[in-house]
Amino acid sequence: MENWILLVVIALFSGTIAGMGIGGGSIFILLTTIFSIFEHKEAQSYNLIMFVIVGIFATISNFKNKNIDKNLLKKLIIPVVLGSIIGIILVKRIDEKILKYIFYGFMLLVGFYEIISSLKNIKKEKLNTERSD
Amino acid sequence: MIYLIGILCGLLNGLFASGAGQVLVVYLIFCMKKETHLVRAVSVAVLATSSIFAIIGYSSFVDFDIKKVIVLSVIAAISGFVGAKLMKKIPANVLNITSGVLIILLTGYKMFFGGN
């Protein structure tokens with residue numbers, strides 16, 4: 001029972017973050033494995049299911065509010081589906097260990113890049129508002 | 001280039017089941033200078049589609065507990081709506097920094113505590 005309450009709280013929290021498009025899946029996997037609700041692969045699978053539904057509802061809402069770039073979406077949808085199919089074929093064949101470390105390096109790079117670029121943007125915006133004052 | 005990034009993003013999602021959206025988002029926001037909110041909305045839509053395929057790949061690893069699937073689905077529907085509404089109100093830089101921190105946290109955790 002305790003597990004259920006925890007799972008619901010984690011799901012609500014990470015689902016909301018996922019709906020915002022800032023990595024809710026990561027939090028879901030992180031928290032459910034830390035509290036040993038799921039094994040790692042299980043967490044990933046449940047996360048995928050959740051994310052499909054979060055995505056559908058968030059996208060409906062974004063379309064209603066015109067908060068989405070439709071052109072980009074049209075361009076991306078086919079390549080992404082193609083990539084996914086290649087991905088699931090490869091996932092069973094590739095040496096996980098090598099792949100894992102490439103992925104870690106890649107993700108850390110992306111994360112730091114995102115933070116540094118945002119901080120630079122904030123600085124620039126500050127300078128601009130100071131100048132306009 | 002955008003098509004290549006699309007393929008890469010789908011590939012990563014199929015392989016790792018999380019984090020792939022970030023690659024797409026970072027490319028579009030910081031390299032193509034697109035607007036953060038519009039891009040994150042696209043990434044949610046695209047990744048949800050990709051995840052349908054990824055589930056097929058992962059379903060052979062896991063026996064799903066149908067009760068948990070139902071509960072999580074209901075929560076997902078509600079929180080998807082709430083998240084999309086909230087996202088509009090949060091400044092772009094805050095969104096981008098938060099997601100950067102989250103991705104580093106998850107990667108760090110995966111590196112040191114194993115799992116996939």
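Student: Is B:Ile5 buried or exposed?
Tutor: In this predicted model, local features need pLDDT of at least 70, side-chain atom pairs count only at pLDDT 80 or more, and totals for chains, interfaces and linings use all residues. Residues are numbered from 1 along each chain as its sequence is written, while chains are lettered from A and ligands numbered from 1 in the order in which they are written. A residue is buried if 20 or more other C-beta atoms, placed from the backbone, lie within 10 Å of its own, exposed if 12 or fewer, and partly exposed in between. B:Ile5 has 21 C-beta neighbours inside 10 Å, so B:Ile5 counts as buried.

Student: Which residues does B:Ile5 touch, not counting residues up to four places away in sequence?
Tutor: B:Ile5 has its place in helix α1 of chain B; helices are DSSP runs (H or I, at least four residues), numbered from the N terminus. Two residues are in contact if their C-beta atoms, placed from the backbone, lie within 7 Å. With residues up to four places away in sequence left out, B:Ile5 touches B:Leu24 and B:Tyr27.

Student: Are α1(B) and α2(B) roughly parallel or roughly antiparallel to each other?
Tutor: Axes are lines fitted to C-alpha atoms, for helices over the stretch in contact, and angles run from 0 to 180 degrees between N-to-C directions. The axes of α1 (residues 2-16) and α2 (residues 20-31) of chain B come within 7 Å and cross at roughly 160°. Angles under 35 degrees count as roughly parallel, over 145 as roughly antiparallel, 65 to 115 as roughly perpendicular and the rest as oblique. The two helices, α1(B) and α2(B), are therefore roughly antiparallel.

Student: How many nonpolar residues are in the contact of α1(B) with α2(B)?
Tutor: From α1(B), residues including B:Ile5, B:Leu8 and B:Phe16 meet B:Ala20, B:Val23, B:Leu24 and B:Tyr27 in α2(B). Ala, Val, Leu, Ile, Met, Phe, Trp, Tyr, Cys and Pro count as nonpolar, Asp, Glu, Lys and Arg as charged, and the others, Gly among them, as polar. The contact has no charged residues, 1 polar and, as the number asked for, 9 nonpolar.

Student: Which helix gives the most to the side of chain A that touches chain B?
Tutor: 75 residues of chain A are in contact with 84 residues of chain B. On the chain A side, α1, α2, α3, α4 and α5 each supply at least two residues. With 21 residues, the helix that gives the most is α3(A).

Student: What is the mean pLDDT of chain B?
Tutor: pLDDT is the predictor's confidence in each residue, from 0 to 100. In chain B, 96% of the residues reach 70 or more, and the mean pLDDT is 85.
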